[in-house]
Number of protein chains: 2
Amino acid sequence: MDTSMKTKFSRQREAIRKQLSGRHDHPTAETLYEELKEEFPRLSVATVYRNLNQLVESGEIAKINLNGPARFDYNPEPHSHFVCKGCGCVVDMSDNNDEALIAARKNFDGDIESCSSQFYGMCSQCIKETAQ
Amino acid sequence: MDTSMKTKFSRQREAIRKQLSGRHDHPTAETLYEELKEEFPRLSVATVYRNLNQLVESGEIAKINLNGPARFDYNPEPHSHFVCKGCGCVVDMSDNNDEALIAARKNFDGDIESCSSQFYGMCSQCIKETAQ
DNA sequence: TACAATAACGATAATCATTATCATTATCGC
DNA sequence: GCGATAATGATAATGATTATCGTTATTGTA
């Protein structure tokens, strides 16, 4: 592939970046598309996917693969997520998985670069609602 | 949904279970389908998906979501996987993520039931081949 | 063993998420 | 401003998965 391609500025990409930066709910491409259509009535889903992929490629954002459509995270640093079995929300965990990395490297015959973990359970909100 | 449905024996489901049990490469539904077609020439992909989902539902196997099609794991116990950036192989990690669970529960305002981690890097085989 | 009820099947259409194509538009260096 | 080309919007195409539906297999009971 030709890696010499110079990226040009685009208002759409800038808007996607901005939209993603101000939140922690890890939206899907579809969600971002719906939201950005207000600002860009002619926006195409393809543009959203294209730019999200480009931002992932460049290491600026991260892609989260769970059940269902991919989610995107403005924080590209490897970190953990909590996935609620009740409402399906995905929230950041403020853990450092350095320890997990160190432990894993001890018994592994290869080169481990990074680690991402998912925790599953019920968020406090869902626990409250179930209790009622 | 009607949860009173009693499952009946099926040769296809039994074959899927058996096929998955004897390996550690976490195949996709498509891979299992191709392999099982030899034993069941009339097998339908739908049957493979149906049964895999059923086994996941009953907690007998686990579904692994990464980039690309879902993979299936005969070990339903939460555990970690290593994903090679070179060849794309997915191998089990013999870590205990109990420590990660305990650490995560300390700073979290909800109920964390389980944890699964992915480690990314280069497997020993790919390191060898790159070095040449 | 036969029979009725129904779970599971195979074939395939439909859906959902994502990517590829392509003619047009916007950006950027000169 | 102009030419080169990256990015766009519209949409067709793809890949993975699920839904539908008429048929077949399993199972409990007569």
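Which atom of DNA strand C is 3.2 Å from an N or O atom in the side chain of B:N51? In this predicted model, that atom is a phosphate oxygen.

A base oxygen of DNA strand C lies 3.0 Å from a polar side-chain atom of A:K8.

The protein surface around DNA strand C comprises 24 residues, of which A:Y49, B:K8, B:S10, B:R13 and B:T47 come nearest. By class, this surface has eight nonpolar, eight polar and eight charged residues. At least two residues each come from α3 (45-57) of chain A and from α1 (11-21) and α3 (45-57) of chain B. The most is given by α3(B), with five residues.

Chain A itself is divided into domain 1 (11-73) and domain 2 (80-131). The centres of these two domains of chain A, taken over C-alpha atoms, are 22 Å apart. Seven residues of domain 1 are in contact with eight residues of domain 2. Together the two domains of chain A bury about 510 Å² between them, with 56% of that on carbon and sulfur atoms. On the domain 1 side, A:H26, A:L66 and A:R71 lose the most area to domain 2, together 64% of what that side buries.

Across this interface in chain A there are four residue pairs in polar contact and zero salt bridges. The domain 1 side that touches domain 2 has two nonpolar, two polar and three charged residues.

Note on methods: Residues are numbered from 1 along each chain as its sequence is written. Chains are lettered from A and ligands numbered from 1 in the order in which they are written. This is a predicted model: local features need pLDDT of at least 70, side-chain atom pairs count only at pLDDT 80 or more; totals for chains, interfaces and linings use all residues. Side-chain values use heavy atoms; hydrogens and water are left out. A residue is near a molecule or strand if one of its heavy atoms lies within 4 Å of it. A polar contact is a pair of N or O atoms within 3.5 Å; within protein, one must be able to donate a hydrogen and the other to accept it, and residues adjacent in sequence count only if both atoms are side-chain atoms. Helices (H or I, at least four residues) and strands (E, at least two) are DSSP runs, numbered from the N terminus. Ala, Val, Leu, Ile, Met, Phe, Trp, Tyr, Cys and Pro count as nonpolar, Asp, Glu, Lys and Arg as charged, and the others, Gly among them, as polar. Domain bounds come from an automatic or database domain assignment. Contact means heavy atoms within 4.5 Å. Buried area is the accessible area (1.4 Å probe) that two parts lose on being put together, summed over both. A salt bridge is a side-chain nitrogen of Lys or Arg within 4 Å of a carboxyl oxygen of Asp or Glu.
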